[in-house]
Amino acid sequence: MQAEAPKRSAVVDLGSNSVRMVVFDGVSRNPVSIFNEKAVLRLGRGLTMTGRLNDEGVAMAVEVLRRYHAIARSMNADPFEILATAAVRDAANGPDFVEALRKEMPGVPIRILSGVEEADHSAVGVRCGIPEATGLVADIGGGSLELIRLDDDGRESANTLPLGVIRLSDRSGGDLTIAKGIADADLSGVDWLGGMRGRTLYLVGGAFRALARLQIARTNYPLNIVHYYSLTPAAAREMTGWLIESNRRTLERLPNAPRKRLDDVPFAATVLRRLLKRVEPDRVVFCVDGLREGWYAMNVAPELQSLDPLDTVAQDLCQRLGRSETLPEALFAWTAKLFPGESDRERRLRMTACRLSDVGSHDHPEYRAEQTYMRVLWIQGVGFDHEARAALALALAVRYEAEPTAAFVAPSRALLDDAWFGWAMTLGLALRLAYSLSGGASALLDGTRLEHDGGELRLHLTSASVAVRGEAVKRRLTRLGQVMQVETRITEVLGG
């Protein structure tokens with residue numbers, strides 16, 4: 001019998017600067033991209049002066065979209081939809097362009113999003129990637145800047161401003177001083193922005209991502225992942241000043257510099273700098289999920305958005321790579337005594353670590369610790385901020401007997417403060433001890449328990465489990481006690 005073809009979906013984001021198609025695999029809480037390609041068309045170049053789409057960009061768009069359609073069709077993507085944003089929305093020849101595309105691709109839905117619809121898609125995308133996000137979302141494109149107020153219940157306010165990087169360059173004649181004045185004037189017209197002071201600012205869009213990539217390279221930041229990359233307001237202001245003042249050649253010298261975005265960087269930095277002055281956020285967070293992921297959440301997996309994205313990723317990896325789906329719950333209960341008074345965040349991450357604690361079981365023993373560390377640190381999926389990645393990766397590397405001084409755990413040493421480093425070491429050593437006792441079988445763990453009264457750490461073994469007592473268990477209990485700075489003791493409970 002022929003296997004059923006996997007479900008796939010695809011969306012094209014036809015913007016003022018670029019066109020990108022993403023093909024998503026399956027239906028899950030966290031979008032899984034298996035095809036992601038961008039072409040820079042600059043459809044919106046000159047729109048401010050002519051009122052029309054760029055002719056060269058239009059010709060290129062037809063060719064690129066014809067190819068994307070063929071790829072989506074060959075990958076059996078359904079639904080497949082094209083979303084056109086600011087340039088097509090505002091251009092006099094936008095409707096004619098869309099009609100020409102419909103003739104090229106009959107039956108393919110092509111939607112020209114209004115500014116509010118674009119903002120809604122971006123807001124849902126941010127919540128897909130950062131479920132707890134509340135504050136101000138700024139989504140920059142080539143033609144427009146969407147500003148969205150996110151509260152606990154979702155989007156509350158939204159405005160579209162003609163501050164996309166291409167349009168701002170055109171409006172200012174390429175003069176950054178004039179661009180600064182234009183941005184200030186446009187932002188002053190958004191009356192609700194004053195209420196955003198002290199809230200978190202979430203940055204979405206390719207031009208903002210380019211700023212993050214350049215800052216990551218410039219500062220030798222230990223994790224080359226833009227999603228959840230965070231800056232203090234002071235660091236963000238310093239970054240924008242550096243980017244505005246740097247010439248292209250300086251930026252090109254940086255590793256992995258986004259060369260196709262470098263002309264846009266000064267204008268994106270100018271918009272961000274004016275935003276920082278206007279709203280004075282408590283922090284700045286970059287988010288890679290926006291319009292396309294919002295489309296996925298709204299059209300492909302709306303019923304799954306209430307799930308915890310972190311737990312979803314962990315359960316999926318546990319099912320695919322671990323040996324037991326029941327042991328994680330036992331490990332979670334078994335390690336609880338070590339973390340009295342833990343916060344909700346700590347409890348959530350401890351559960352995640354327990355679910356991921358066996359994902360290296362099928363890797364080569366010599367490389368198991370390093371492979372597990374990299375798998376968790378670089379995991380694709382939402383719900384992991386950088387601190388969480390670093391703490392979980394370290395805990396699981398230690399579970400597989402990595403030393404905290406190992407070269408490959410350097411990112412965790414750089415990203416974690418003493419408290420989180422100690423948390424990861426304690427949990428990792430506790431998991432190592434648990435696997436020594438149980439061999440990965442929850443039945444053997446059932447006859448043991450840990451107790452910690454502040455001055456002593458005791459491992460209790462019942463008569464049914466005393467057979468697991470050995471030198472490795474003693475050694476690992478002692479090591480755990482050293483990290484916790486307490487004495488250790490093994491006791492036997494007869495008849496247990």
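Mentor: Arg 375 and Asp 363 form a salt bridge in which the closest N and O atoms are 3.0 Å apart, a salt bridge being a side-chain nitrogen of Lys or Arg within 4 Å of a carboxyl oxygen of Asp or Glu. This pair links distant parts of the chain, with Arg 375 in helix α16 (residues 368–377) and Asp 363 in the loop between α15 and α16, 12 residues apart; helices here are DSSP runs of H or I with at least four residues, numbered from the N terminus. Asp 363 is buried, with a relative accessible area of 17%, where buried means under 20%, exposed over 50% and partly exposed in between (1.4 Å probe, protein chains only).

The model is predicted, so local features need pLDDT of at least 70 and side-chain atom pairs count only at pLDDT 80 or more, while totals for chains, interfaces and linings use all residues. Residues are numbered from 1 along each chain as its sequence is written, and side-chain values use heavy atoms, leaving out hydrogens and water.

A salt bridge also joins Arg 355 to Glu 329, with 3.4 Å between the closest N and O atoms; Arg 355 lies in helix α15 (residues 344–356) and Glu 329 in helix α14 (residues 327–334), 26 residues apart. Arg 355 is buried at 12% relative accessibility, whereas Glu 329 is partly exposed at 42%.

Arg 449, Glu 451, Asp 453, Glu 456, Arg 458 and Arg 489 are linked in a network of salt bridges, and by the rule given above the count comes to 37 salt bridges.

Key: Helices (H or I, at least four residues) and strands (E, at least two) are DSSP runs, numbered from the N terminus.
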